[in-house]
Amino acid sequence: MMNNLCVAHRGFSGKAPENTLAAIRMAIAMPFVHWMELDVQLSKDGVPVVIHDFTLDRTTNGHGKVKNMDWEHLRRLDAGSWKGRSFRGERVPSLEEVLTLASGRLHLNIELKTVGDMYPDIEKKVTDLISSKGMRDDVILTSFDTNVLKKIKAIDPHFRTGLIFDSRFGNPARRLHELECSLLSISFSRLNPRLAKLLTAQGVKIMAWTVNKGKEMRRLADMHSDIMICTNRPDIWGDTFLKV
């Protein structure tokens, strides 16, 4: 198994518009990319959609909050032009479309983007969809929100879950154990050799984000060979680890 697995952050988001089918296809085209990280929210009518921000303004030609828009409205937006003219007409994909494209090609780290009760039932909608595609073993579901992670385990304890941790304080090892999580998703600047050694000894996977420079990738690789490297630039990962 390859060390320091490459995780394409929102697809190949360094070159293509993030969280679009174009970005996913570009990631799939790189033979060493086995994982992708993406973000899921719900449309107003309850369709799981793949987009990072709670508002549409940065990555589409729409305005307002994702949660206030029906899927019919969201799917007509242009989610590509902001990145370049060649991506004009790229859409906000549904999670179902992404699962269909990734099936058999990529493992997915899916972040449930929600705060409090912003998206009631998002856990059930997402887990049902993944199960219906037969992809439960290909997915890790992650969140900053510990209640989301608890709900996923209550729905189906076989789903793998991960805690997104972005604090200089606290004890992530203990929280991971309490939540039955098998992954820690952490900013690469927050990761240190002691924590990496502790967690890997406990069988916990670590994904470090968002790492776009070769020297930072090498520093993480020197820290531990099991650290997954989440990057907008899988091409730089390839240049760093595959070229002599």
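Mentor: Residues are numbered from 1 along each chain as its sequence is written, and side-chain values use heavy atoms, with hydrogens and water left out. Since this is a predicted model, local features need pLDDT of at least 70 and side-chain atom pairs count only at pLDDT 80 or more, while totals for chains, interfaces and linings use all residues.

Trainee: What makes strand 5 largely enclosed?

Mentor: Buried means under 20% relative accessible area, exposed over 50%, and partly exposed in between (1.4 Å probe, protein chains only). Five of the five residues of strand 5 (residues 139-143) are buried, so the rest of the structure largely encloses this strand. Strands are DSSP runs of E, at least two residues, and helices are runs of H or I, at least four, numbered from the N terminus.

Trainee: Which residues cover each side of strand 5?

Mentor: In a regular strand, side chains alternate between the two faces of the sheet. Here Val139, Leu141 and Ser143 are buried on one side, and Ile140 and Thr142 on the other.

Trainee: Why are strands 4 and 5 called paired?

Mentor: Pairing takes at least two DSSP bridges between two strands. Four bridges join strand 4 (residues 107-112) to strand 5, in parallel, so they qualify. Ile110 has Leu141 as its bridge partner.

Trainee: What about strand 6 (residues 160-165)?

Mentor: Strand 5 pairs with strand 6 in the parallel sense over four bridges. Thr142 partners Gly162, and Ile140 partners Arg160.
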